[in-house]
Amino acid sequence: MRPAHLILAFALLALTACSKPVPPVGKWEGGTERGGTLVVARVEVLPNGTVRVMAPDITNVMAPRHRIDILRDRMAADLVNGWSEIKPRMFDFDGKTFRKPGGIAPQMVWDKNTNQMVLQLYIGANPALPVPLRPVSEFHDSPWASG
């Protein structure tokens, strides 16, 4: 290989190694019920790298199971009915973690091997509440995992 070709190959390799990671395009949904907090969520990463995210929550839920099930159904309906109003936003993405532009706190963490997304929800001054989301081809009327 001639020196000029070697330099060009090295330069291309260096540029590729320094390129900005591309966010995974797709849809994720799910919900969690933990410690008196209910959260249901949708995330959609668009081809241009912007992200639509919605995660309604109810905190301090202390009720019988049938009442919690009613709340879960209402939250799922609120998510479906409000989704069309959600505008895409930019996030910084490092190949695994999404952060608000210039931010430090993780907003979402993506596992490339499983294609699972975990939304990091910050409620008040509490530590982040991880909300595991599963990949879906289309969103469902109820994003709560069955079974």
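Begin by selecting D94, which counts as partly exposed at 46% relative accessibility; here buried means under 20% relative accessible area, exposed over 50%, and partly exposed in between, with a 1.4 Å probe and protein chains only. This is a predicted model, in which local features need pLDDT of at least 70, side-chain atom pairs count only at pLDDT 80 or more, and totals for chains, interfaces and linings use all residues. Residues are numbered from 1 along each chain as its sequence is written, and side-chain values use heavy atoms, with hydrogens and water left out.

D94 forms a salt bridge with R99, and the closest N and O atoms are 3.4 Å apart; a salt bridge is a side-chain nitrogen of Lys or Arg within 4 Å of a carboxyl oxygen of Asp or Glu. R99 is also partly exposed, with a relative accessible area of 24%.

Next, select residues 97-99 and 106-111. These are strands β6 and β7, which pair in the antiparallel sense over three bridges. Strands (E, at least two residues) and helices (H or I, at least four) are DSSP runs numbered from the N terminus, and two strands pair if DSSP finds at least two bridges between them. T97 stands opposite V109 in β7. The two strands form a hairpin with six residues between them, and G102 in the turn has a positive phi of about 75°.

Colour I68, L71, R72, M75, A76, L79 and G82, the buried residues of α2. Seen down the helix axis, these buried residues fall within an arc of 145°, so they line one face of α2; the arc is that of the directions from the axis to the C-beta atoms. The buried residues pack against β1 (26-34), β2 (37-45), β3 (51-54) and β4 (57-58), where contact means heavy atoms within 4.5 Å. On the face turned away from the buried side, find the exposed residues H66, D73 and N81.

Show the side chains of E33, R65, D69 and R72, which are linked in a network of salt bridges. The structure holds seven salt bridges.

M54 is buried, with a relative accessible area of 16%, and its contacts include D78, L79 and G82. R42 lies twelve residues from M54 in sequence, yet their C-alpha atoms are 5.5 Å apart in space.

Then select E44 in strand β2, which is buried at 13% relative accessible area. E44 forms a salt bridge with R52, with the closest N and O atoms 3.1 Å apart, and both residues are buried. Among the other residues that E44 touches are K27, W83 and F139.

Finish with K27 and E138, which form a salt bridge whose closest N and O atoms are 3.3 Å apart. This pair links distant parts of the chain, with K27 in strand β1 and E138 in the segment after β9 (129-136), 111 residues apart.

Notes:
Lists of a residue's contacts leave out its neighbours within four places in sequence.
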